[in-house]
Amino acid sequence: MITAEVILGLLYSSITLLTPLLLAGLAELLVERSGILNLSLEGTMLMGAFVAFMVAFYTGDLYYATLLASIAGAVLCLLFAILTITLALDQMVTGLALNLLTIGITSYLYRASFGWYVSPIPPHIQTTLQPIEIPVLSQILVIGKILFSHLPHTYAAFVLVFLTWWLLFKTEKGLKIRAIGEDPQTADYLGINVNLTRYALLILEGCIAGIAGSLLSIGYYNMFLDNMTQGRGYIAIALIILSRWNPLLLLGGAFLFSFIDALQLRIQAFNIPFLPYQFALMLPYLFTIVLLFVAGRKVKGPASLAKPFKKLR
Amino acid sequence: MGKDPLQAYYWLFQGAFSPSAISETFVRATPLLLISIGLAVVFRAKVWNIGAEGQFYIGGMMTAIMGIMFKDLPAPLAFPVIVLIAGLGGAIWALIPAILKASYGINEVITTLMFNYVAIYLVSYLLHGPFRDPISMFPETETINPALWAPIAVQGTRIHVGVLLAFVIVVPLAYFFLKRSAFGLKLDILGSSPRVAEYANINTTHLIIQAMLISGFLAGLAGGFEVLGIQHKMRLELSPTTSPYGYTGIAVALLGYLNPLLIALTSFFLGGIINGSMTMHRMAQIPVGMAGIIQALIIIFILTGYFVEDKLSKKVMERLKL
């Protein structure tokens, strides 16, 4: 039953599933490094999935779908920024509230457009995002197929891992971001614009997380489902904790998680009699909790994470 | 969407607060009330349990299992015993995230949410497998023996004993505990400043676990009431799909400023919106998801004027006479 082909397929789909987590995770990682905990990452991804699907459904253009998903994500994160930075509201509460808002808006607008009874065949789009085979590299034996025959998003995510790491640890901008995350008051005295930096990072996060969400509805599926992100935004946040806010470690964590997710899909497909599919579906969530217990105990994040900042001057 | 908005709001209101609808609004408000009072307990300590949905489902499932396995429990004893076990089920479901948070500092938002998915899939397995009613077309248990159902409190309505218990007993009790007891004060201190809590010699580990257990117990109890009082069997849609009780409860608790008396009002109000949006859907063909938006918009409006931090810490300072 376990052939080389199964294992290769497993690795290939791990990398596919890893992409939205990694994209959203990297963007959130930058934001958290600046001291903001944005739980509305979940809602932003859901919004991206919804907007991308609607645009793709009505125009058939996946490019515009991606663009508008990105803009919608940015708008949502901008709203989060206004509430938590300018109005200094509790970040946890605001994040949770925005997630409730997006679930409400997306499922309402979906029904308003397609009616209440959409089954048996829910509305779907004709074409989805297609993988791009990188010339030469994809011909390499074994690895070629696994690594170099993916959506452009996947390549972008891998490049972003190193870009984020370089930005954070090798540039002056990165030093400023980390300084804000550790001690915004001092950073402010040193002339760093705390709020502007946080605003910019949050809008960037919105753009990227919106695209990450769009992958679900116009990349992997060809339809939108209520709450289709299924907690992926929260899982990305868990992976950031595990990676100790380091982009390179995040890549490893996201791969490990996606491997379990891919494995879970295989278990469902194999229809093993003594393992009901619901237990397979539980696996990624249980795995996240176990991972947090094993590697996420008493991990110290940026010192000012989730604390509101008020200018003293 | 081209519908007359005034007409739509008319049906929303009619379906929510007109004399004929008001008893159903109480019925809808009860799980919201119990869940959000539980959430108020933990939220006061700034512990963000978002696992009420899972705790609610586990409570409901425990109730159905008890009801099916012990068909012949003597009637006056059955109701209290079964709902107590439902509550304990919810509390146990909250225990692991509670320990992870209190002893190891692991983010409770993530763990409680993960446990929601685990709970729903577990219930789904039980309803498709061992506890499925073989006659039914849907994944649900058989109907529980009517002798075990929660007694109806107001004839001609679905208002059962659980509704009364929630509004008449739980609300004042919770008010007393949160506002007038040392336990409530400790929660407020922990919520406004963990450092002060440590100086005050408060055992924060125990406090967090206790608060989470209470919160899980009330959510489980809500599941028990819902199954014994309303559904009379366990179903996959124990919560309305477009506004699940466990998540809506977060909104209700925050809207009620984490104060049990206000929460009684807000849960009645949101129960009305859920109830009314169904009437609105029937009469004006407006999607039920509208209720979700209305709820969320209210939260956003409230949030903009809601400075939890300042309010809570000021109150604590007043009570400590600092």
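This note walks through the predicted model in numbered points.

1. Ground rules. This is a predicted model, in which local features need pLDDT of at least 70, side-chain atom pairs count only at pLDDT 80 or more, and totals for chains, interfaces and linings use all residues. Residues are numbered from 1 along each chain as its sequence is written, while chains are lettered from A and ligands numbered from 1 in the order in which they are written.

2. Confidence. The predictor gives the complex an ipTM of 0.89 and a pTM of 0.90. Chain B has an average pLDDT of 87, and 87% of its residues score at least 70. Here pLDDT is the predictor's confidence in each residue, from 0 to 100.

3. Make-up of chain B. Chain B has 13 helices and zero strands. Both are DSSP runs, numbered from the N terminus: helices are H or I with at least four residues, strands are E with at least two.

4. Burial and contacts in chain B. Of the 322 residues in chain B, 56% are buried. A residue is buried if 20 or more other C-beta atoms lie within 10 Å of its own, exposed if 12 or fewer, and partly exposed in between; C-beta atoms are placed from the backbone. Take the chain B contacts between residues at least 6 apart in sequence: 78% of them join residues at least 24 apart. Two residues are in contact if their C-beta atoms, placed from the backbone, lie within 7 Å.

5. One residue up close. V27(B) sits in helix α2 (residues 22-44) of chain B. It counts as buried because it has 21 C-beta neighbours inside 10 Å. Setting aside neighbours within four places in sequence, V27(B) contacts R158(B), I159(B), V163(B) and I230(B). K101(B) is 74 residues from V27(B) along the chain, and their C-alpha atoms are 34 Å apart.

6. The core. The largest nonpolar core holds 191 residues. Such a core is a set of buried Ala, Val, Leu, Ile, Met, Phe, Trp, Tyr and Cys residues joined through C-beta atoms within 7 Å. A24(A), F53(A), L239(A) and I35(B) have the most contacts inside it. Not counting residues up to four places away in sequence, I35(B) touches residues including A52(B), F56(B) and L218(B).

7. A helix pair in chain A. Helix α10 (residues 232-242) and helix α11 (residues 247-270) of chain A pack at about 130°, with axes 9 Å apart. So α10(A) is oblique to α11(A); angles under 35 degrees count as roughly parallel, over 145 as roughly antiparallel, 65 to 115 as roughly perpendicular and the rest as oblique. Residues of α10(A), among them L239(A), meet residues of α11(A), including F257(A).

How values were computed: Axes fitted to C-alpha atoms, helices over the stretch in contact; angles between N-to-C directions.
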